[in-house]
Amino acid sequence: MKQKKVGAQKNNSDKSICVFCGASKGVESYYFDLAQDCGAQIAKRNYRLIYGGGSFGLMGAVAQSAYDAGGDVLGIIPKFLTEIEGLMSNIEHKIVANMHERKHEMHKRSDAYIVLPGGIGTLEEAIEVMSWMRLHLHIKPMIFLDTDGYWAPLMDLLHHTIETKFAPKWLDAHLFHVQTPKFALKLIEEQWKNPAPRGKIHIAEDNITKV
């Protein structure tokens, strides 16, 4: 089911940026400021914003800000969450069956990712997309964005997986952690033009029984 968009706005670019972020309402105000700036900057560059569809927390802030700045916005949300997180009536939504379909749709429709502060759901989304990158299923840029070092512990852990050889060295070239939406978008645009290198795909045959 796809809801009709109220006051549809034109997207002058063929690129879309997915933003992962939290829906919690009780976080510090500077997180909302960051989300609003992020949404406005995406709209300013005429990119379409893809987000998780909720109206609460940073989700609602980034979507409303992008819309207010004249941007094209699409929320993708499972049906069961529409009653929990609510829908913004002025923004287009695609309602899907479950969380897996939501992530699939977000990935299919996006050309890059920005990860704002969030909780377990945001972590799960970001790590799964990174796992897909590790498996050579895509090379879409992903930028972790905060102003207070929120993602620093995760960055340390990800670098630790590389140092201990549980993740390949080439993944290091895809780990970006920045403090401003402008710089995040600059990095995304640079990656679109000159993608970071990745390792070759190796198909292991050692464990395959040959007849």
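**Note on helix packing and backbone in a predicted model**

1. The crossing of helix 4 and helix 5 is right-handed. The structure discussed here is a predicted model, and in it the axes of helix 4, which spans residues 99-109, and helix 5, which spans residues 120-134, come within 12 Å and cross at roughly 60°. Angles of 65 to 115 degrees would count as roughly perpendicular and those under 35 degrees as roughly parallel, and helix 4 and helix 5 are therefore oblique to each other.

2. Which residues does helix 4 bring to its meeting with helix 5? They are Arg102, Lys103 and His107, and on the side of helix 5 they meet Glu124, Glu125, Glu128 and Trp132. Sorted by residue class, the contact of helix 4 with helix 5 comprises five charged residues, one polar residue and one nonpolar residue.

3. A second pair of helices can be described in the same terms, since two packed helices are described by the angle between their axes and the distance between the axes. Helix 1 (residues 29-44) and helix 7 (residues 181-193) have axes that come within 9 Å and cross at roughly 45°, which makes helix 1 oblique to helix 7. The crossing in which helix 1 passes helix 7 is right-handed.

4. The contact between helix 1 and helix 7 is made by Leu34, Asp37, Cys38, Gln41 and Ile42 of helix 1, together with Pro181, Lys182 and Leu185 of helix 7. By class, the residues of this contact divide into five nonpolar, two charged and one polar. For a reader comparing the two contacts by eye, the contact of helix 4 with helix 5 has one nonpolar residue and five charged ones, whereas that of helix 1 with helix 7 has five nonpolar residues and two charged ones.

5. Turning to the protein as a whole, the model has seven helices and seven strands, and along the sequence these follow the pattern β-α-β-α-β-α-β-α-β-α-β-α-β-α. Among contacts between residues at least 6 apart in sequence, 74% join residues that are at least 24 apart.

6. How much of the protein counts as buried? Of its 211 residues, 49% do. The protein exposes about 11100 Å², and carbon and sulfur atoms supply 55% of that area.

7. Two backbone positions deserve a look in the structure, given that most residues other than glycine have a negative phi. Asn46, which is not a glycine, has a positive phi near 65°; this residue lies in the loop between helix 1 and strand 2, the strand of residues 48-51. Asn46 is partly exposed, with a relative accessible area of 32%.

8. His136 likewise has a positive phi, of about 65°, although it is not a glycine. This histidine is found in the loop between helix 5 and strand 6, the strand of residues 142-145. Is His136 buried or exposed? Its relative accessibility is 15%, and buried means under 20%, so His136 counts as buried.

9. Finally, Pro195 has its place in the segment after helix 7, and with a relative accessible area of 45% this proline is partly exposed. Pro195 and Ala173 are 22 residues apart in sequence, and their C-alpha atoms are 9.6 Å apart in space.

Key. Residues are numbered from 1 along each chain as its sequence is written. This is a predicted model: local features need pLDDT of at least 70, side-chain atom pairs count only at pLDDT 80 or more; totals for chains, interfaces and linings use all residues. Side-chain values use heavy atoms; hydrogens and water are left out. Axes are lines fitted to C-alpha atoms, for helices over the stretch in contact, and angles run from 0 to 180 degrees between N-to-C directions. Helices (H or I, at least four residues) and strands (E, at least two) are DSSP runs, numbered from the N terminus. Angles under 35 degrees count as roughly parallel, over 145 as roughly antiparallel, 65 to 115 as roughly perpendicular and the rest as oblique. A crossing is left-handed if the near helix is turned anticlockwise from the far one by less than a right angle, and right-handed if clockwise. Contact means heavy atoms within 4.5 Å. Ala, Val, Leu, Ile, Met, Phe, Trp, Tyr, Cys and Pro count as nonpolar, Asp, Glu, Lys and Arg as charged, and the others, Gly among them, as polar. Buried means under 20% relative accessible area, exposed over 50%, partly exposed in between (1.4 Å probe, protein chains only). Accessible areas come from the Shrake-Rupley method with a 1.4 Å probe; for residues, only the protein chains shown count as cover.
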